[in-house]
Amino acid sequence: AKAEVDDNTLVSTIKSALKADPEVRHLDIGVDAESGTVMLSGVVDNQAQMDRVNMLTWMVEGIKKVDNKMSLRTS
């Protein structure tokens with residue numbers, strides 16, 4: 001079994017990954033974690049950015065579930 005990762009560590013690791021990624025670093029994405037479930041919130045410009053944020057989040061060790069509450073910006 002994987003070691004439990006505490007929620008604060010998950011949040012800071014995800015935020016660091018998003019800030020390091022040139023495609024999504026300018027976005028204001030909210031990251032919350034509770035017992036390994038991560039909730040993402042904020043507004044993205046397109047589906048590709050949403051997919052990228054999702055992928056970067058899933059790559060973090062210790063994630064059990066991602067609850068994507070992000071929305072697409074409408075013109």
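Analyst: Helix α2 lies across β2 and β3, and its direction runs at about 160° to that of β3. Such an angle is taken between N-to-C directions on a scale from 0 to 180 degrees, the axes being lines fitted to C-alpha atoms, for helices over the stretch in contact. Helices (H or I, at least four residues) and strands (E, at least two) are DSSP runs, numbered from the N terminus. This is a predicted model, in which local features need pLDDT of at least 70 and side-chain atom pairs count only at pLDDT 80 or more, while totals for chains, interfaces and linings use all residues. Residues are numbered from 1 along each chain as its sequence is written, and side-chain values use heavy atoms, with hydrogens and water left out.

User: How do you know that β2 pairs with β3, and in which direction do they run?

Analyst: Two strands pair if DSSP finds at least two bridges between them. Eight bridges join β2 to β3 (residues 65-72), and these strands run parallel; one of the bridge partners is N68 in β3, which answers to L40.

User: What makes the crossover from β2 to β3 right-handed?

Analyst: The label applies if, with the strands pointing away from the viewer, the path from the first strand over the helix to the second runs clockwise. Here the chain passes from β2 through α2 (residues 47-58) to β3, and this β-α-β crossover is right-handed.

User: Which strands stand at the edges of the sheet, and why?

Analyst: The open sheet has three strands in the order β1-β2-β3, with mixed pairing. β1 and β3 each have a single partner strand, so one side of each is left without a neighbour in the sheet, and they are the edges. On the other pairing, β1 (residues 30-34) and β2 (residues 37-44) run antiparallel and are joined by five bridges.

User: Why is V66 called buried?

Analyst: Buried means under 20% relative accessible area, exposed over 50%, and partly exposed in between (1.4 Å probe, protein chains only). V66, which lies in strand β3, has a relative accessible area of 15% and is therefore buried. Leaving aside neighbours within four places in sequence, V66 is in contact with V38, L40, N54, T57 and W58, where contact means heavy atoms within 4.5 Å.

User: Which residues touch the most other members of the largest nonpolar core?

Analyst: A nonpolar core is a set of buried Ala, Val, Leu, Ile, Met, Phe, Trp, Tyr and Cys residues joined through side-chain atoms within 4.5 Å. Of the 18 residues in the largest one, L18, I29, V31 and L40 touch the most other members. α1 gives the most to this core, with four residues.
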